[in-house]
Each structure stands twice: as structure tokens, then as C-alpha cells.
Amino acid sequence: MKRIDFQASKHPFLCSLQHAINFGKDEKGLAAIEFALIGPVTVFGLLAMADVGLAVRDRMALDHIVRTGAQSAVENPGTTVVLQALQTASDGSLSRSSSAAALSVAVVQECACPEAPASPVGCTTTCSDQKPTSIFYTLRADTVAASFLLPEMAITSRARVQVR
């Protein structure tokens, strides 16, 4: 059987076959190809983690704002004072200016009889057995967290405080 020397052969098909065989064995540039495949996935993952991390920080800031308002509501000073406490606590507490611009806080005062807490009544109402009404403050803070990569996320924190 006759051996064909690919290098010595001038046949174009045999030369290209030899190049194809050598190309499969050649590992030059393999790291660049792997980086080109893995790099974008890694960057996407890092940006997504940063977005989620900033959203979690904004949620923690909203929780802090609502807790501050709840501490103020325990003294039963009225909705105006509690709302001012929420607004004071919200100054500069969010991580991004877009979240701070979209921040909304609200306070609602409700009264209910102890035997039917789900049914609101007037705060001057006397309940059965001559018991005074229970006073509830519902505090809410909402914002929209803008992000680098992920869609905008609505973040909400709520608390309900019973004063008496």
C-alpha cells in the first residue's frame, strides 16, 4: 500500500484535509473562545446580582421607614404627625435617586370595636360593654426600583399598628 505524504502532495483536497485535521488538534485561542462564551453570561449574572442587591437594600430602607412611622404611631399623635415621621425617615434613605423620586408614603387611621376588629367604626363610638374602640394605624411605603438590566420592580412595605 502506498503512503500519501500530505505535505509533498500538491492536490488541493488533500492539503485542505490536512489543515482540517491539524485545526482539530490545535489548541491555540481556545481560552479566548471559552471566554467569549462564558464572559457575557458572567457579566449578565453580576449585573443581575447588583440589581437584586440594590432592590433588597431599597426594601430594607422601606422597612426602616415604616418601622420609624410605627414607633411614632404608638403614641397616637394623629395621622399628620405620623406622616411627617415617615417623610423625615425617608429623606436620603433609598439607594438610587430614581427610587427616591418614586417614593410614596401613606398613613390611614381606623377604629374598630374589640369584638369585631375587621369592621371599622367611628373613633368616638362606644362599643358593647362600654369598651373604647381600638385605634389602628396602617402605614405604607411604596417605590419602584429601577435597574440596570432587569425590569423595574415595585417594592412595598406595610405595617398595621394597634394603639389601644
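Author: Two strands are taken to pair if DSSP finds at least two bridges between them. Helices (H or I, at least four residues) and strands (E, at least two) are themselves DSSP runs, numbered from the N terminus. The structure is a predicted model, in which local features need pLDDT of at least 70 and side-chain atom pairs count only at pLDDT 80 or more, whereas totals for chains, interfaces and linings use all residues. Residues are numbered from 1 along each chain as its sequence is written, and side-chain values use heavy atoms, with hydrogens and water left out.

Reader: Which elements does the chain contain, and in what pattern do they follow one another?

Author: There are four helices and four strands in the chain. Along the sequence they give the pattern α-α-α-α-β-β-β-β.

Reader: How many bridges join each pair of strands?

Author: Strand 1 (residues 104–113) is joined to strand 3 by nine bridges, and the two run antiparallel. Within this pair, valine 108 has threonine 138 as its bridge partner, and glutamine 109 has tyrosine 137. Ten bridges link strand 3 to strand 4 (residues 153–162), again antiparallel; aspartate 142 stands opposite threonine 156 of strand 4. Strand 1 and strand 2 run antiparallel with three bridges, and cysteine 111 has valine 121 as its bridge partner in strand 2. Strand 1 and strand 2 also form a hairpin, with two residues between them.

Reader: Is strand 3 mostly covered or mostly open?

Author: The general idea is that in a regular strand the side chains alternate between the two faces of the sheet. A residue is called buried under 20% relative accessible area, exposed over 50%, and partly exposed in between (1.4 Å probe, protein chains only). Strand 3 is mostly covered, with nine of its twelve residues buried.

Reader: At what angle do helix 2 and helix 3 pack?

Author: Two packed helices are described by the angle between their axes and the distance between the axes. For helix 2 and helix 3 the angle is about 150 degrees and the axes are 8 Å apart. Helix 2 is therefore roughly antiparallel to helix 3; angles under 35 degrees count as roughly parallel, over 145 as roughly antiparallel, 65 to 115 as roughly perpendicular and the rest as oblique.

Reader: Which residues meet between helix 2 and helix 3?

Author: From helix 2, Ile65, Val66, Thr68, Gly69, Ser72 and Ala73 meet Val81, Val82, Ala85, Leu86, Ala89 and Ser90 of helix 3. The residues of this contact comprise eight nonpolar, four polar and no charged. In that division, Ala, Val, Leu, Ile, Met, Phe, Trp, Tyr, Cys and Pro count as nonpolar, Asp, Glu, Lys and Arg as charged, and the others, Gly among them, as polar.

Reader: Why does serine 72 count as buried?

Author: Serine 72 counts as buried because its relative accessibility is 14%. Leaving aside residues up to four places away in sequence, serine 72 touches Pro77, Val81, Val82 and Ala85.

Reader: What is the phi of asparagine 76, and where is this residue found?

Author: Most residues other than glycine have a negative phi. Asparagine 76 has a positive value, near 55 degrees, and is found in the loop between helix 2 and helix 3. With a relative accessible area of 31%, asparagine 76 is partly exposed.

Reader: Where is threonine 125 placed?

Author: Threonine 125 is in the loop between strand 2 (116–121) and strand 3 (134–145). Its relative accessibility is 33%, so threonine 125 counts as partly exposed. Threonine 125 and alanine 112 are 13 residues apart in sequence, and 8.8 Å apart in space, C-alpha to C-alpha.

Terms used: Axes fitted to C-alpha atoms, helices over the stretch in contact; angles between N-to-C directions. Contact = heavy atoms within 4.5 Å.
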